[in-house]
Amino acid sequence: MTPLSVVGKSVLRRDARAKVLGREEFCIDRKLPGMLHAKVLGSPYPHATILAIDTSAAEKLPGVRCVVTEKNAPQKLTGTGTVRDMPLLAKGVARYIGEPVAAVAATTIEAAEEALELIKVEYEELPALFDVETAAGTNPPVIIHPDFSNYRKSTPRERLCPERPNVCAHIKIYKGDVDRGFQESELIVENRFVAPSIQHCALEPHAAVARPETDGGLTLFTGKQGISRVKEDIAAMFGIEAYKIRVKQQYVGGAFGGKATIYELIPALLALKCGRPVKWVMTREEVFVLGGPRQGMVLNIKDGFKKDGALVARKMEVFVDGGAYAEASPGVTQNCSSVAVCMYRVPHLKWDGYAVYTNTPKRRGMRGYGVNEVTFAIESNMDIAAEKLRMDSVELRRKNLLTEGEAMLNGEIIHSNAVAECLDKICQSIKLDEKSPSEGAWRKGKGVALGNKYSSPGSHYGARIAVTDNERVVVYHGADAIGQGVNTVMAQIAAEEFGISPDGVDIVFSDTAITPYFGHGSTSSRTTFNLGNAVRHACAAAKREIFERAGARLEAPPEIMALDNMEVYIPRHPDKKIEVRDLFTSDDAGEIVGTADYKADCIPDDPKTGQLDPALAQQGKRFMAFYAYAAKGVEVAVNTETGEVKVLRCHGAIDLGKAINPKSCEQQSEGGMAMGIGSALYEETLMENGRILNPSFTDYRVPLATQMPLNENMKSILVESAPHKDGPFGAKGFAEGVVTGMEPAIASAVYDAIGVRIKELPITPEKVLMALREK
Amino acid sequence: MKQLVTLRINDTDEEIYVEPWWTLSYVLREELNLTGTKEGCNGGHCGACTVLIDGKAVMSCLYLAMKAQGKEILTIEGLKGHNGPLHPLQEAFIEHFAVQCGYCTPGLIMTAKAMLDENPNPTEEEVREGLNGNVCRCTGYTKIVEAILSVAEKQKL
Amino acid sequence: MRFQFLQPLTIQEATALFAEYDGEAKVIAGGTDLINLIRTKAIRPPYVVDIGRIPGLDHVRYDANGALIIGALAIIRNLETSNDVKQRHPVIAQAAGQLGSVAIRNVGTIGGNLCHASPAADTAPALIALGAKAKIIGPAGERTVVLEDFFTGPGQTVLQRGEILAELYVPPMSPDSKGVYLKHASRGAADLAIVGVAAVATMDRGICRNAKIALGAVGPTPMRARNAETLLEGKETSDALIGQAAEAAAAESRPITDVRASADYRREMVQVFTRWAIRRVTGKEQEVGSEATAVL
């Protein structure tokens, strides 16, 4: 295999220059002539009938051009997931505090704000339901979507749960017979874990500018994950032909899953109604409510072991609080089960996951899509079991890890799994067996945990390559540039394919009128894998055309040609070569183009059991596009007087297949570890009776530079020993895997330091102190 | 009632009509189209709006434009390098991979510039303390701190 | 967020405006608290009076006796970095440095921090423990109030219609006295205090001649822990006595439960941080960093 010249190098990020100059235009910066400003009125009640809305006073306010309620909206229900349960604006009933009830477009923001206060809404409060376990019951005191059975759903019938009226999806993964498994077990460890709702906190607030076009269509400037999806949604909602909708964006100021929610329908409605461009920027407080808090989870886990540590049976019952509308919650509930399926060998598994409605803000999947919460439960339970078994917790893991070629618990055969190496490397680098001495009231401890993150298949992802007459290679793609460095990496891939420097590559991105379809957007850690493959295939197609053209000029068959540094040559005949620029003549002047569309070749599971067809699985057919594995090792200090936990050292090992740009991979790794520190120790959406109590950066605390370990104590280990056979240059994707495992590693380190195990995140000083008292 | 004010921004006098309640960040972004200064929370917590006023870092989202008269305001657009178009901090952020989504970047660079102007040789702990008014959700701060320390190191020579 | 913006050039102009507009005018000094209150519609003042143009209100100077005179418009960052203050009233510089971020401290004023009257105000406990006095100027003239009595409730002060806080007077610290301000907050200076403890003590050969302890964030206003002080004064400061004083401070605090912390936890932290603060100022703990600080 020829050594790589560009892929594998830490090429400087090409977007960095514009960003350090402040010249990069984010959606929030965009201004259009004649643009109006939108404001949205939210429901003050968590559950209420909307009796009447009077917008007349608001409409008369100088500066106001348009006021809309559900009467002005298409009478269709929408949703970003498998259930269409959500009106564009609340229709007849409001189901969460903050649910958009009306919207205004005005010439100034001040006029729009004033107009909101003039809209009179008459509500009649209804009883509301906030607790996920109560809501998930068979006889809940409130049914939040009484009309659920009539909604359009793509959920298979077997995954519906009519006996639980507030459950919008019931995910079952059944293997073997857990009851028998528990009978055969010699130790049973049963625990309940809670992971609360947390927030994405992307620094750029959600924003969109919708401009109506003369053909009845719309141009949407936005900052999101999934421009192809939102285009389809707008077309479907407003009954406009899809080709008349254009969605464009440049760089997005952070996403983490929060920008996949579809909020653009509101400014689109205003723009279509009043015929002028409309811009909506969420305030930070609105982002906390409408930009989507994450699902919260209650996880009940029961594991059965043999005395020697072999796992025999695992039963998990998971309640996912999805808020008032389904959104991504069924998908999260389904996909997070992958954690229970892909890592440890367990003969008997019973997983029941419930996506539940409550009268709280609708939730948005966040980096990990449920995986972090499940990992917290499973890894913590393994640690608890190890102690009872009097086994080293690392040994317990090693004993039960699935390896390459073995079947996961749904039958999928494992391919590309270096988790054992990640575990070994982390134990070494964190010096797990060395204990640091206490300092005053600070006790120190270390912990490791494993994690994994699937990447979902589904939909297809395109790329187009154009080679110009001045030998520039232009890559067209519809992925989202959300900070992950997609353009730098794609330029490296294209440069590698053409044997040129990445400086010879231009990227045109994120414009549905110009760039190819990009399925579900940059979500599920999918971009490097799917787009990387599409780019490679498109490069190959472009090269084929180059060779076709060269064939005539060199009088040789294209099959024997090669390309390096924009020169076509024939290995066997060194004197026969031609530069690509010379392939453009007056007869053959057009751009050389190659296109490709990549779809991961995966099979569905049986909705009754979550199992794959055994015959197809044996052939190597997969359920998820790939799995990336990770190990995290941390050292913490716990203050026995205040309960504070400080992370001193943080190491992460990631099984990523191939690091296309190692420094860029480190960026992700460090950022992911920071997010994990946040969710382990500081972050929680506090809610009371459906109201978010901390919708601001004052009381929702993300880690600052002072919460992070010193540079010398942060380490990212990129493990490339298990390349993926279908990944570009063996690469997988791990933009989410970088977070996973942090929470249980920290919980484990806290236990190591002070002997208390916290099972409800975040691990706050109060919880630590209370647990110390009780000890 | 809008009033005519003169604001001195990046060594240039700008004459504009402002409402009394307009913050400096609003005026920069909406009236003067200097959108390098970002809006992240409008509450003075995230630092995306950081500019320098008379050399000191300030949250422009909490600073009334009318109070900015008579001051020297420096935004990211006004930052200049000594040996070229990029300031050493801008170069360092690129070289050290301290930029991901880039939204926090202008605010961070301005904060770092004021920090190094006041304390040219900070310890890593001092740098981290000095960044406690800047939120970054992408990077975990590691490479940002590395970039700032590298500039301090270079300036020592 | 609409308001009329007035910029008086003298104190007399300012107090006249306040008297005229009664409760409808709000003072803006730095603005770091006020702008947020207006933006979130917590308050809707039709008039905002900027006292920043009034000369002679931003001084940080020492008089001949070593007392510190601070103008209400003195910038927090100047208090933090002033060499004089660091030398002669180091606890004030230390407390100032715990208020938010540098960017906030570059604009925020001592008057603004005190008049905003958050029970968690970072500058209040140290000033109270030092015996600071507040000079108030109004239509009826001047009056002086001991700072501890300046606060009347969360967000409320003794300022009457037309009055502004003009200046603070801080008595000199004697050479054998020490002060410290310890702030317990989730992420350190960036966050509002869950508990703030300031202690100033004068030691004389192992005997505590004088102790003043002030608590922040654990009552409707910053408050003195008088029972704790009484236990210490005139006594030899043993570990046991310090522990008792800390317990007393916890018992006299009146914390509430809110989004940041529960009352129980706050009370417990009053005990912990008062103990640490007393140990610091009575010479039992020499260096900063052995027990209390977050940076290891």
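# Exercises on chains A, B and C

Lys577(A) has its place in strand S26 of chain A. Strands (E, at least two residues) and helices (H or I, at least four residues) are DSSP runs, numbered from the N terminus.

The model is predicted, with local features requiring pLDDT of at least 70 and side-chain atom pairs pLDDT 80 or more, while totals for chains, interfaces and linings use all residues. Residues are numbered from 1 along each chain as its sequence is written, chains are lettered from A and ligands numbered from 1 in the order in which they are written, and side-chain values use heavy atoms, with hydrogens and water left out.

## Exercise 1: A loop residue of chain A

Task. Is Gln295(A) buried or exposed, and with which side chain does its own side chain make a polar contact?

Solution. 

Step 1. The loop between helix H8 (284-290) and strand S17 (296-305) of chain A holds Gln295(A).

Step 2. Gln295(A) counts as buried because its relative accessibility is 1%.

Step 3. The partner is the side chain of Ser329(A), at 3.3 Å. A polar contact is a pair of N or O atoms within 3.5 Å; within protein, one must be able to donate a hydrogen and the other to accept it, and residues adjacent in sequence count only if both atoms are side-chain atoms.

Step 4. Beyond residues up to four places away in sequence, Gln295(A) touches a list of residues including Pro196(A), Val320(A), Asp321(A), Arg363(A), Arg364(A) and Glu373(A).

## Exercise 2: The build of chain B

Task. In what order do the elements of chain B run, and what do the buried residues of H1(B) pack against?

Solution. 

Step 1. Chain B contains five helices and five strands. Starting at the N terminus, their order is β-β-α-β-β-β-α-α-α-α.

Step 2. Helix H1 covers residues 24-31 of chain B, and its buried residues are Leu24(B), Ser25(B), Val27(B), Leu28(B) and Arg29(B). These buried residues pack against strand S1 (3-9), strand S2 (12-18), strand S3 (50-53) and strand S5 (72-74). Asn33(B), with a positive phi near 55 degrees, follows H1(B).

Step 3. Helix H3 (residues 105-118) of chain B contains Thr111(B). Thr111(B) is counted as buried because its relative accessibility is 9%. Residues up to four places away in sequence aside, Thr111(B) touches Thr50(B), Gly130(B), Leu131(B) and Asn134(B).

Step 4. Of the 157 residues in chain B, 66% are buried. Among contacts between residues at least 6 apart in sequence, 52% join residues at least 24 apart.

## Exercise 3: The overall form of chains B and C

Solution. 

Step 1. The radius of gyration is taken over C-alpha atoms, and the globule rule is 2.2 Å times the number of residues to the power 0.38.

Step 2. The C-alpha trace of chain B spans about 50 × 30 × 25 Å along its principal axes.

Step 3. Chain C has 19 Å, in agreement with the value near 19 Å for a compact globule of 296 residues. Taken along the principal axes, the C-alpha atoms of chain C fill a box of roughly 60 × 45 × 35 Å.

Step 4. Chain C has eleven helices and 15 strands, and 59% of its 296 residues count as buried.

Technical notes: Buried < 20%, exposed > 50% of the residue type's maximum accessible area, 1.4 Å probe, protein only. Contact = heavy atoms within 4.5 Å.
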